[in-house]
Amino acid sequence: LRAGPDRGSWEDVRFKRFRDDAESIGFPYGNYWYYLNAVHPKRQAEFWAGIIGSRHGALGCWLDLEDSTAGTFGKYTDWWDCIQYFKQLQPTAKIGIYTRAEYFNDYKRGVPNLHAFRDMPLWIAQYKTDKPNLPKGWNDWLIWQWTDSGDGIAHGVGSKEIDCNWY
């Protein structure tokens with residue numbers, strides 16, 4: 001469930017309702033934060049932590065790294081600052097990384113070969129393949145988003161096309 005940001009607001013206005021609904025039927029969920037390259041990493045960690053509170057969900061908390069817009073804070077060290085501050089604010093949270101190999105491995109981001117994220121769970125996004133390419137440092141994935149055009153109606157949701165994942 002996306003905690004934020006959403007269309008000019010820090011909090012996804014549907015997040016708490018969706019979280020409450022999932023909890024009411026015992027449906028396991030996690031939350032993610034869409035990292036913005038133009039916003040200071042510690043401010044993002046504060047917003048994220050404030051929105052989710054102590055209710056992380058069974059699937060944990062995921063930093064979504066895919067923003068392709070220009071910004072001062074789009075490098076590896078900025079992502080790391082966000083994660084580290086989030087950990088201070090949410091010390092019991094299980095944290096993972098959502099990304100695509102091409103995005104994460106982009107040389108402009110300055111990701112070292114032995115980066116600190118490699119010990120975190122990976123949620124990889126790659127479509128139209130039998131096996132996803134992994135970002136450098138990881139040997140396996142926990143979640144694989146294999147399509148963004150799944151049959152939403154067949155899966156009981158109102159959207160025609162949805163993201164589908166293997167866990």
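From the N terminus on, the elements of this protein run β-α-β-α-β-α-β-α-β-β-β, and that gives four helices and seven strands, where helices (H or I, at least four residues) and strands (E, at least two) are DSSP runs numbered from the N terminus. The radius of gyration, taken over C-alpha atoms, is 16 Å, close to the 15 Å that the globule rule (2.2 Å times the number of residues to the power 0.38) gives for 167 residues, so the protein is as compact as a globular protein of that length. Along the principal axes, the C-alpha atoms fill a box of roughly 40 × 40 × 30 Å.

Before going further, please keep in mind that this is a predicted model, in which local features need pLDDT of at least 70 and side-chain atom pairs count only at pLDDT 80 or more, while totals for chains, interfaces and linings use all residues. Residues are numbered from 1 along each chain as its sequence is written, and side-chain values use heavy atoms, with hydrogens and water left out.

Let us turn to the interior. Buried residues, meaning those under 20% relative accessible area with a 1.4 Å probe and protein chains only, make up 42% of the 167 residues. In soluble globular proteins, nonpolar side chains tend to be buried together.

Which residues does Phe-117 touch, leaving aside its neighbours within four places in sequence? With contact meaning heavy atoms within 4.5 Å, the partners of Phe-117 are Tyr-76, Trp-79, Trp-80, Ile-83, Ile-97, Phe-104 and Trp-138.

S4 and S5 pair in the parallel sense over three bridges, pairing being counted if DSSP finds at least two bridges between two strands, and the bridge partner of Tyr-98 in S5 is Trp-123. S5 also pairs in the parallel sense with strand S6 (residues 143–151), again over three bridges, and here Ala-125 stands opposite Gln-145. In a regular strand the side chains alternate between the two faces of the sheet. In S5, Leu-122 and Ile-124 point one way while Trp-123 and Ala-125 point the other way, and all are buried.

Helix H1 (residues 15–24) has Phe-15, Arg-19 and Ala-22 as its buried residues. Why do they lie on the same side of H1? They cover an arc of only 65 degrees around the axis, judged by the directions from the helix axis to the C-beta atoms, and this puts them on the same side. These buried residues pack against strand S1 (2–4), strand S2 (31–34) and H2, and H1 is followed by Gly-26, whose phi is positive, near 70 degrees.

Finally, consider Ala-58, which sits in the loop between H2 and S3. Ala-58 and Pro-28 are 30 residues apart in sequence, yet 5.6 Å apart in space, C-alpha to C-alpha.

Definitions and conventions: Buried < 20%, exposed > 50% of the residue type's maximum accessible area, 1.4 Å probe, protein only.
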